[in-house]
Amino acid sequence: MSVENSTEMRALIAAGETSTSFGPGSVRGAGVLLLLAILSANPRRNEPIEDAFEGSVQNLTCAAAF
Amino acid sequence: MTTPHQPSPNTVETATCVLAGALSRALREDDRSFGVRHSLGDWGDGTGGLAALRVLGADVLTPFVLTGRPLPAEDAALVRTAVRAHPAPRLQARETALWGTRDAALVDALAAVGVDGAGWEGLAPAPPPNGGLAADWLSLAALLVPLASAAHPFADAALRAQLAGRGPDLTRGLVRSLLRRDLLSAARLARWIVLDGQSGPAGQPSRLAGPPLLAPALEHLEVLGSGDPRVLLEVAVARRLMAR
């Protein structure tokens, strides 16, 4: 039995929750949130922000969620 | 879609993914012939393949335990070889307890398919009875994630009894893992939720199918986790448990 295999096996068995989050609040999601903040600063009058820019904000939100 | 991690080739993790993929396919398709040694291919004769067997633990036997397939003698021998080749560590109490619970589940699963695994060389000693599971949902979820291979119909009755009434806590853990895109943890917690839903207050089987979140969560995990065989294995086991 190689030491490398044994060490890797024990690490895989003991692995719990990942320490990296890919959720909306993560670094990866920060770009989308920043874009949303920029877009939301200039909505058209009387137009819901979700529908602004031909629905692109809504599309981005869905993309971030899924 | 997120693919947070891809295993490197020629590692135990790769062998684990190969075997997990074969296990999940066997669980989804009843008519598919399945053998552990055959599924490992070239990995079967190396320590990497044996280590993969240890990583998946009792889950290696799920196509036999949950579908009624007979366990080939060569596969039972392979599991025993893996246990002997990769004995449980006995240095750290926390790791020993984790391995003890996992190995107890392996012995239970072996017994379910007619193999007496008690006393096999390399198995961890049975974990001592503890004073109860973590009171808060976050610690409970963190505790149960690495113990997912023990979440099967023959799971330790004492553990299942302690989990009774903790469904909301398990669901909170599932939602948190989904939000963090930690798909493997989410799938493992979904499996515990299914098992919890099948136990009544006194550990008796009930017809509860889990919270309303469970079915869409499993579908979600199948789609987003399609690139990770270990996620698909957990989901396949959960679905099999739900169908029982």
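Mentor: Let us begin with A:R10, which counts as partly exposed at 27% relative accessibility, and please keep in mind throughout that this is a predicted model.

Trainee: Why is A:R10 called partly exposed?

Mentor: Buried means under 20% relative accessible area and exposed means over 50%, so A:R10, at 27%, counts as partly exposed. The residue sits in helix α1 (residues 3–14) of chain A, and, leaving out residues up to four places away in sequence, A:R10 touches B:P89, B:E95 and B:W99.

Trainee: What makes those residues count as touched by A:R10?

Mentor: A contact requires heavy atoms within 4.5 Å, and B:P89, B:E95 and B:W99 are listed as touching A:R10 on that basis.

Trainee: Which class does B:R54 fall into, buried or exposed?

Mentor: B:R54 has a relative accessible area of 4%, and since the cut-off for buried is under 20%, B:R54 is buried. Its place is in helix α3 (residues 47–56) of chain B, and its contacts include A:M9 and A:I13 of chain A as well as B:W99, B:R102 and B:D103 of chain B.

Trainee: How do you know that the side chain of B:R54 reaches the backbone oxygen of B:H86?

Mentor: The distance is 2.9 Å, and a polar contact is a pair of N or O atoms within 3.5 Å, one able to donate a hydrogen and the other to accept it, so the pairing of the B:R54 side chain with the backbone oxygen of B:H86 meets the distance limit.

Trainee: Why is B:T96 called buried?

Mentor: B:T96 has 18% relative accessibility, and the label applies under 20%, so B:T96 counts as buried. B:T96 is found in helix α6 of chain B, and, with neighbours within four places in sequence left aside, B:T96 is in contact with B:P89, B:R90, B:L91, B:A124 and B:P125. The C-alpha atoms of B:T96 and B:A126, 30 residues apart along the chain, are separated by 9.2 Å.

Trainee: What lines the largest pocket?

Mentor: The lining has 31 residues, of which B:A97, B:L98, B:T101, B:L143 and B:L147 lie nearest the centre of the pocket. The largest share of the lining, eight residues, comes from α6(B), and by type the lining divides into 21 nonpolar, six polar and four charged residues. About 830 Å³ of space lies in this pocket.

Trainee: How do you know that the buried residues of α11(B) lie on the same side of the helix?

Mentor: In helix α11 (residues 214–224) of chain B, the residues B:L214, B:A217, B:L218, B:L221 and B:L224 are buried. They cover an arc of only 140° around the axis, which puts them on the same side of α11(B). An α-helix has 3.6 residues a turn, so residues three or four places apart point the same way. What covers the buried residues of α11(B) includes α9 (167–179), α10 (183–197) and α12 (229–243) of chain B.

Trainee: What is noted about the phi of B:R181, and where is B:R181 found?

Mentor: B:R181 has a positive phi of about 60° although it is not a glycine, and B:R181 is found in the loop between α9 and α10 of chain B. Its relative accessible area is 8%, and since buried means under 20%, B:R181 is buried.

Trainee: Why is B:T171 also given a class, and which one?

Mentor: B:T171, in helix α9 of chain B, has 17% relative accessibility and counts as buried, because that value is under 20%. B:T171 touches B:I193, B:P211 and B:L213, not counting residues up to four places away in sequence.

Technical notes
Residues numbered from 1 in each chain as written. Chains lettered and ligands numbered in written order. Predicted model: local features only at pLDDT ≥ 70, side-chain atom pairs only at ≥ 80, totals over all residues. Heavy atoms only, no water. Helix = DSSP H or I, 4+ residues; strand = E, 2+ residues; numbered from the N terminus. Buried < 20%, exposed > 50% of the residue type's maximum accessible area, 1.4 Å probe, protein only. 1 Å grid on protein atoms, 1.4 Å probe; cavity = no way out; pocket = protein on both sides within 12 Å on 5 of 7 lines; lining within 4 Å. Points joined across faces, edges and corners; volume = space filled by probe spheres on them. Nonpolar A, V, L, I, M, F, W, Y, C, P; charged D, E, K, R; others polar. Arc of directions from axis to C-beta.
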